[in-house]
Amino acid sequence: MSDIIQLLPDHVANQIAAGEVVQRPASVVKELLENAIDAKATHIKLIIKEAGKTLIQVIDDGIGMSVTDARLSFERHATSKIKNAEDLFQLNTKGFRGEALASIAAIAHVELKTKQEKDEVGTEIKIEGSDVISQEVCVTPKGTSISVKNLFYNIPARRNFLKSNSVELRHIIDEFHRVAMVHEDIKFDMYHNGSEIFSLPVANHRQRIVHIFGAKTNEKLVPIDEETDLVKIIGFVCKPEFAKRTRGEQFFFVNNRFIKSAYLNHGVNSAFEGLLKEKTHPSYFIYLTVDPKSIDINIHPTKTEIKFDDEHALYAMLRSTIKHSLGQFNVAPILDFNRDASMDTPYEYKSKMVKTPTIEVDRSFNPFKEDKKDNIPSTSKNYTDFKKESAGSWENLYAGLDTSEISSKPIENDFSSIEFESSEVTGSLFTADQEAELEHHTTYQLRRKYIITTIKSGMVIIHQNRAHHRVLYEEVLRNITMASAVSQQLLFPLKLSFSSQEIRILKEVQEHLENTGFVFGDITDTDVSISGIPTATTESEVSVLLEKLINDIEQEVPDSGFSLTDLLARSISGSIAVKTGIDLAKEQQQHIVNSLFACTEPTITPDNKPTFITLTVDDIDKKF
Ligand code: ADP
Ligand code: MG
């Protein structure tokens, strides 16, 4: 048979990459601004026409490019910013994948003019859909100007998918703010359809924020400032009386990158506990500096998530720093009757190493929070039906096992008992008998992160968070598609405030959410009332869950019904899956193990990460 595999031509590869890098005009703005900053610009101009649909131009006075570099910059994986893998861990630059310009040039008409200081003349290059149309010598000032015209001209589906000009412009302005807020030492100007909409002189942090958000912001800001071995925190929170009904002005920057973190957001909110009017959200502008080695920046260019090594400590520190500042600036805590006294003396912690906090956040996290007897009836229906369908498929996992042997003589400490357990379960997951049965295959929890259990051929190490993510993902997905979810009625409907943009997104997915167990009451332009929630969640998680969901939808811009369902299931299950760091009781561990191996696809999370590994006796023998 003849060979059938071919390498994709570059322009196709670039178009595919562009799908990831460039979701909308704002993505182009972000990439171009970041390149200008990396080029050490001191003055950056952003010029937009029709919300970026016809023109996005960035002009900088940075180091510019040589003739060769100018041409190379549009090649995929062409970057001046890393030379080897080591560099990845000490990044001081914004970009490093060398994909942005290649991707943008694949889906737009691009004109580049650039000149280095030492050169007499510069270079001008025109590219359309990855084809170089012309390359000429030109007269241009030091620095670089890149114009991106007719974005997505060759991908009509994408172009049609763009939202109204006001929505796209909003996204562009958001990106502009996020970049400008951390580079107060650079002058920025922004124009839209010929009029200047921002002119930001070189300033300090506070002035920059005031220039962006308006003069009246100044009196609202309370500075925060703290430094420990783990993190340096500076920035501002707004005084509680200025809290807003929408979550508009909430910014975290980590090492000068804008990030989103529902968890840290919760930390900030908790510092405001008792100080805010109902349904209001504090504004904040918080800059964290941490050792780059202690974070895992999701190197996907459009994502803003980040993983911290010690998220809990960060949370605690953020909370106490803000509490302290609010107290010091006399905005504290007349209303805060049940404040945590240990948080009132934050001074000593400069000298102390940070302890893992014993705090807050619904650590007792949902699915298992209730007494198991209460917990079971609501979810067992789903789990059991589900297990029946898929019972058996888990066995394929253990291809190495002699299955005939398993079925003829069941072995304790083996997953063969799972099938028995899952097919038996009907009304309640743990009857006395079954509990006795479960005891047989002992599980252990390692470092509040892994669940360890044995199988015939050795041992299995299960990642508790990922495993649970998989289990819940399948459950939520099934609920969405079959509209089979059970919901828990809230005694008092929950009222949550959102921006109009967020409300719009929620309305788009309302029906799906209802299938997972949400029951919505009134939805106005600013508020959503919720009278029922999925059984696997708790009331206190709901706002974080929805916030994360909206964020995920904004980030991923799902473009078909199918991927939307998947995204919803992934996001919701990710929010409520039991986290690393949570102690699990034996029956909770076993419940996760059993449910995992009853899944259709137990080996990986919805994001394709492994959920468990096995270590065979052979592997172990080899170590001796
Ligand atoms: P990355 O930023 O990840 O390196 P890009 O595709 O964004 O990849 O840019 C490719 C290269 O082009 C950069 O590494 C840089 O050397 C050069 N470059 C891009 N924009 C500019 C600019 N405004 N000024 C100077 N050099 C630039
Ligand atoms: Mg770049």
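Tutor: By class, the shell around ligand 1 holds six nonpolar, eight polar and four charged residues. Here Ala, Val, Leu, Ile, Met, Phe, Trp, Tyr, Cys and Pro count as nonpolar, Asp, Glu, Lys and Arg as charged, and the others, Gly among them, as polar. This is a predicted model, in which local features need pLDDT of at least 70 and side-chain atom pairs count only at pLDDT 80 or more, while totals for chains, interfaces and linings use all residues. Residues are numbered from 1 along each chain as its sequence is written, chains are lettered from A and ligands numbered from 1 in the order in which they are written, and side-chain values use heavy atoms, with hydrogens and water left out.

Student: Which residues come nearest to ligand 1?

Tutor: A residue is near a molecule if one of its heavy atoms lies within 4 Å of it. There are 18 residues around ligand 1, and those that come nearest are Asn35, Thr79, Ser80, Lys81 and Gly98.

Student: How much of ligand 1 does the protein bury?

Tutor: Some atom pairs come first: a backbone N or O atom of Leu101 lies 2.9 Å from an oxygen atom of ligand 1, and a polar side-chain atom of Thr144 lies 3.3 Å from a nitrogen atom of ligand 1. Taken alone, ligand 1 exposes 530 Å² (Shrake-Rupley method, 1.4 Å probe). Of that area, the protein buries 92%.

Student: Is Thr123 buried or exposed?

Tutor: Thr123 belongs to strand β4, residues 122–128; helices (H or I, at least four residues) and strands (E, at least two) are DSSP runs, numbered from the N terminus. Leaving aside neighbours within four places in sequence, Thr123 is in contact (heavy atoms within 4.5 Å) with residues including Val67, Leu112 and Gln135. Buried means under 20% relative accessible area, exposed over 50%, and partly exposed in between, with a 1.4 Å probe and protein chains only. Because its relative accessibility is 5%, Thr123 counts as buried.

Student: Why is helix α8 described as largely enclosed by the rest of the structure?

Tutor: Among the buried residues of α8 are Tyr263, Leu264 and Val268. Helix α8 spans residues 262–271, and it is largely enclosed because the buried residues number seven of the ten.

Student: With which side chain does the side chain of Glu249 make a polar contact?

Tutor: Glu249 sits in the loop between β10 (231–238) and β11 (250–254), and it is buried, with a relative accessible area of 18%. A polar contact is a pair of N or O atoms within 3.5 Å; within protein, one must be able to donate a hydrogen and the other to accept it, and residues adjacent in sequence count only if both atoms are side-chain atoms. At 3.2 Å, the partner of the Glu249 side chain is that of Lys244.

Student: How far apart in space are Thr603 and Ile462?

Tutor: Thr603 lies in the loop between α18 (586–597) and β22 (612–616), and at 31% relative accessibility it counts as partly exposed. Thr603 and Ile462 are 141 residues apart in sequence, yet their C-alpha to C-alpha separation is 9.8 Å.

Student: How many disulfides does a search of the whole structure find?

Tutor: A disulfide is a pair of cysteine sulfur atoms within 2.5 Å. Cys238 is buried, with a relative accessible area of 3%, and Cys599 is buried, at 0%. The number of disulfides found in the whole structure is zero.
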